[in-house]
Amino acid sequence: MNNALNWFEIPSTDFNRAVMFYSTILEAPLRREVIAGTPNAILPYDNDNNADNAVGGAVIFDAQITPSAHGTVPYLNCNGRLDEVLARVIPAGGKVILPHIDFPFGSIATILDTEGNRIGLHSA
């Protein structure tokens with residue numbers, strides 16, 4: 001089965017600051033690459049078992065793309081660690097917009113990153 005989403009990009013105005021923010025809140029290193037001339041910092045994701053179903057994304061720096069708190073909201077998987085990730089958002093320079101809420105399908109929260117992007121956090 002194919003996913004509705006297979007890749008997403010989170011724009012940045014200060015690439016190093018954004019990479020540090022996501023590395024800090026997720027407690028995971030981001031893999032830096034330049035793809036088609038665009039700096040990317042790949043967020044951790046599992047593509048070893050079934051690459052056809054892998055969903056990944058990156059923080060990018062592209063002067064033609066502006067970060068925004070309006071529009072599409074990607075949700076990052078917190079793998080059962082939503083409260084831990086939320087606790088690192090403010091010290092890392094972000095803002096919590098919607099605190100932890102429980103739903104039948106897990107828990108969510110919404111943050112603003114250091115670049116002004118609205119990002120969802122999800123934990124099953």
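Which residue takes a positive phi in the hairpin of β7 and β8? G116 does, near 95 degrees, in a hairpin with five residues between the strands.

## Basis of the model

This is a predicted model: local features need pLDDT of at least 70, side-chain atom pairs count only at pLDDT 80 or more, and totals for chains, interfaces and linings use all residues. Residues are numbered from 1 along each chain as its sequence is written, and side-chain values use heavy atoms, with hydrogens and water left out.

## Strand pairing around β8

Helices (H or I, at least four residues) and strands (E, at least two) are DSSP runs, numbered from the N terminus. Two strands pair if DSSP finds at least two bridges between them. Strand β8 covers residues 118-123 and pairs with β5 (residues 75-77) in the parallel sense, over three bridges. Here N77 stands opposite H122 of β8.

Strand β8 also pairs with β7 (residues 106-112). That pairing is antiparallel and runs over six bridges. I111 has I119 in β8 as its bridge partner.

E115 sits in the loop between β7 and β8. Is E115 buried or exposed? Its relative accessibility is 9%, so E115 counts as buried (buried means under 20% relative accessible area, exposed over 50%, partly exposed in between; 1.4 Å probe, protein chains only).

The E115 side chain makes polar contacts with two backbone nitrogens (a polar contact is a pair of N or O atoms within 3.5 Å; within protein, one must be able to donate a hydrogen and the other to accept it, and residues adjacent in sequence count only if both atoms are side-chain atoms). The backbone nitrogen of T13 lies 2.8 Å from a polar atom of this side chain. The backbone nitrogen of D14 is reached at 2.8 Å. Contact means heavy atoms within 4.5 Å. Residues up to four places away in sequence aside, E115 touches P11, S12, T13, D14, R17, A18 and P67.

## The buried side of α2

Helix α2 spans residues 82-89, with L82, V85, L86, R88 and V89 buried. These residues cover an arc of only 165 degrees around the axis, so they lie on the same side of α2 (the arc is that of the directions from the helix axis to the C-beta atoms). Their cover includes α1 (15-26), β6, β7 and β8.

K95 lies in strand β6, residues 95-103. At 54% relative accessibility, K95 counts as exposed. Beyond its neighbours within four places in sequence, K95 contacts V89, T110, I111 and L112. The C-alpha atoms of K95 and I111 are 5.5 Å apart, with the two residues 16 apart along the chain.
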